[in-house]
Amino acid sequence: MSEPLGVAIVGCGIIGLNHAEAIARHPGLRLVALVDAVPAAARSLADHVDGRGRPRPAEYRSLADALAPIDGSGDATPRPAVDLVVICTPSGLHAALAAEALAAGRHVVIEKPLEVTVPAARELAALAAAAEESGLVASVISQHRYDPASVLVHAAIADGEFGVVTSGVASVAWWRTQEYYDSAGWRGTWALDGGGAVMNQGIHTVDLLLWMLGNPVEVSARTALLAHDGIEVEDTAVATVTFASGALGVIHSTTAAYPGPFARLQVHGSTGSAVIQDDRLEYFHVASRAASDEGNQAWAVVAPEEVHGNPRDADAFVIGHLRQYEDVVAAIREHRQPVMRVEDAYRSMAVVRAMYLSATLGRSVLVAEVLDGSLDAEEVRTGGSR
């Protein structure tokens with residue numbers, strides 16, 4: 001059996017903690033290093049890992065320190081071997097750290113979103129593509145692609161069971177308190193958060209919409225800040241999306257929907273429809289299985305049995321990340337690319353950015369305008385709400 005891959009987590013806040021829990025559940029991974037510019041944060045997470053009876057990871061203030069060559073000179077505390085770097089810092093630091101890790105020849109997992117600016121994301125996507133050619137694996141967290149419900153619906157669409165896919169609705173109706181935004185200076189800022197309800201809460205569901213409906217072409221959107229104070233970004237957004245196939249999509253994302261009832265994805269076609277709510281398959285019916293009630297009732301047992309209670313609780317979060325880590329580790333071992341690649345996250349980010357630009361400019365925006373840099377000009381800012 002292959003030795004576990006050594007993992008370094010960069011960014012030791014709440015997200016870093018959740019990644020540490022997912023990594024601990026995978027037999028092919030071993031947490032060996034923690035990196036944070038604030039030593040107390042790395043120490044706190046190391047204490048947590050140690051307190052769970054796991055080997056205590058080494059602590060570093062920079063990724064460069066963690067990735068320095070292993071000391072073979074007899075140092076009493078030689079640096080551990082790092083194979084995989086997991087980036088859990090504020091979003092605006094993702095690209096630089098991922099680039100550093102890839103340049104050092106390490107595989108990379110990046111917590112969502114990919115980045116906060118399109119130029120940085122574009123550069124990182126190019127670096128990741130080149131790294132893939134050399135055998136490295138780079139993935140961005142989009143754990144809901146790995147939910148059993150999402151896998152079932154995507155496979156049915158790919159097999160043609162939905163016929164002509166005509167439309168989809170991605171709705172994230174969540175609630176975040178004012179205290180949530182006030183808890184860290186970078187929250188709710190364009191520079192480090194990259195956006196509001198869509199970029200940070202809705203992007204997973206946006207990614208699923210694109211995974212199901214294909215290549216997005218044009219976006220028309222409105223955004224607003226309605227229920228929170230002192231932040232630069234939106235807490236409510238709606239958009240329509242036209243896809244290359246002709247299918248139409250609706251995106252709705254808000255952190256101003258008390259008490260935060262659901263995240264919901266609907267996909268409809270000429271011979272099938274499905275609804276996924278809070279990671280569970282709520283409805284599934286395709287014409288090819290109409291003669292078999294059992295076939296169209298299969299959705300009833302798709303929900304992961306290991307998740308109990310609120311599917312958005314901490315354990316569900318860890319399980320979702322674990323599924324993605326299973327794919328990442330398999331991709332490394334099998335010398336293939338993972339289901340979720342950097343280029344996929346770049347496309348989802350481009351759609352979110354197109355929403356912000358559309359809302360600011362008061363017109364529809366072509367996704368190509370975002371991808372090719374036509375709307376990267378400094379004078380085009382996304383801080384306004386319409």
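In the predicted model, the largest nonpolar core holds 82 residues, of which L114, V153, F162 and V219 touch the most other members; a nonpolar core is here a set of buried Ala, Val, Leu, Ile, Met, Phe, Trp, Tyr and Cys residues joined through side-chain atoms within 4.5 Å, and buried means under 20% relative accessible area, exposed over 50% and partly exposed in between, with a 1.4 Å probe and protein chains only. Helix α11, residues 342-361, gives the most to this core, with 11 residues; helices (H or I, at least four residues) and strands (E, at least two) are DSSP runs numbered from the N terminus. Apart from this core lies another, of 26 residues, including I9, L45, L84 and V109. In soluble globular proteins, nonpolar side chains tend to be buried together.

Residues are numbered from 1 along each chain as its sequence is written, and side-chain values use heavy atoms, with hydrogens and water left out. Because the model is predicted, local features need pLDDT of at least 70 and side-chain atom pairs count only at pLDDT 80 or more, whereas totals for chains, interfaces and linings use all residues.

Helix α8, residues 197-213, bends by about 70 degrees at I203, the bend being the angle between axes fitted to the seven residues ending at a residue and the seven starting there. In α8, 17 of the 17 residues are buried, so this helix is largely enclosed by the rest of the structure. Just after α8, G214 takes a positive phi of about 100 degrees.
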